[in-house]
Amino acid sequence: MKNYTNMNNLKKYGNPPFSLAVIHGGPGAPGEMAPVARELSVFGGVLEPLQTAVTIEEQVRELKEILEGHGDLPVTLIGFSWGAMLSFIFTARHPHLVKKLILIGSGPYEEKYAARIKKTRINRLGKEDLETSFA
C-alpha cells in the first residue's frame, strides 16, 4: 500500500491540537482553502491536506492517513466543492474519525438534482452576464 503522507501534501495552520481540516476543491485546486485555514487557525490548529492521489479510493486513503497521523481525532471536516464531496464520502466510510462535517458548495449526490444544475446557474445570471457568457 502506498504511503501518502509527506510535507508536500499537508499544510498546518495554528498550534496543536489539529481538530479542524479544510478540504479543497478540484481536483487540481490545492491551496484554495488556505485563506479559510488561516482565519480558523486563531481558534485552534487546522490541517489543510492537499490531494495528490488520483482515484477516489486513493484520495480517501490519503485523507485517512493524514488525519490519523496529524489530526486530533475525531476532527471537524470543512469541504469545499469537490472537497465537500470527498469529505462526504470519507465520513460515510470512516464516521468514527469525523466529529462534524461542513459541506460548502457541494455538487449534488442524486442524479435528479444534477439535471437541474445548468438551468439553476443560468437563472441566477443577470441580463448582462447572460449576454457576455453566451456571446
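How far apart are the mean positions of the positive and negative charges of the protein chain?

1. The mean positions of the 16 positive and 14 negative charges of the protein chain lie 4 Å apart, where Lys and Arg count as positive, Asp and Glu as negative, and His and the chain ends are not counted. Each charge is placed at NZ of Lys, CZ of Arg, CG of Asp or CD of Glu.

2. This is a predicted model, in which local features need pLDDT of at least 70 and side-chain atom pairs count only at pLDDT 80 or more, while totals for chains, interfaces and linings use all residues. Residues are numbered from 1 along each chain as its sequence is written, and side-chain values use heavy atoms, with hydrogens and water left out.

3. The protein chain holds 6 helices and 5 strands, arranged along the sequence as β-β-α-β-α-β-α-β-α-α-α; these are DSSP runs numbered from the N terminus (helices H or I, at least four residues; strands E, at least two).

4. Of the 135 residues of the protein chain, 33% are buried (under 20% relative accessible area, with exposed over 50% and partly exposed in between; 1.4 Å probe, protein chains only).

5. Phe88, Leu101, Leu103 and Tyr109 form a nonpolar surface patch with about 320 Å² of accessible area together, the area coming from the Shrake-Rupley method with a 1.4 Å probe and, for residues, only the protein chains shown counting as cover. Tyr109 lies in the loop between β5 (98-104) and α4 (111-114), and counts as partly exposed because its relative accessibility is 37%. Patch residues have over 30% relative accessible area and no salt bridge, with like charges joined within 9 Å and nonpolar side chains (Val, Leu, Ile, Met, Phe, Trp, Tyr) within 5 Å; a salt bridge is a side-chain nitrogen of Lys or Arg within 4 Å of a carboxyl oxygen of Asp or Glu.
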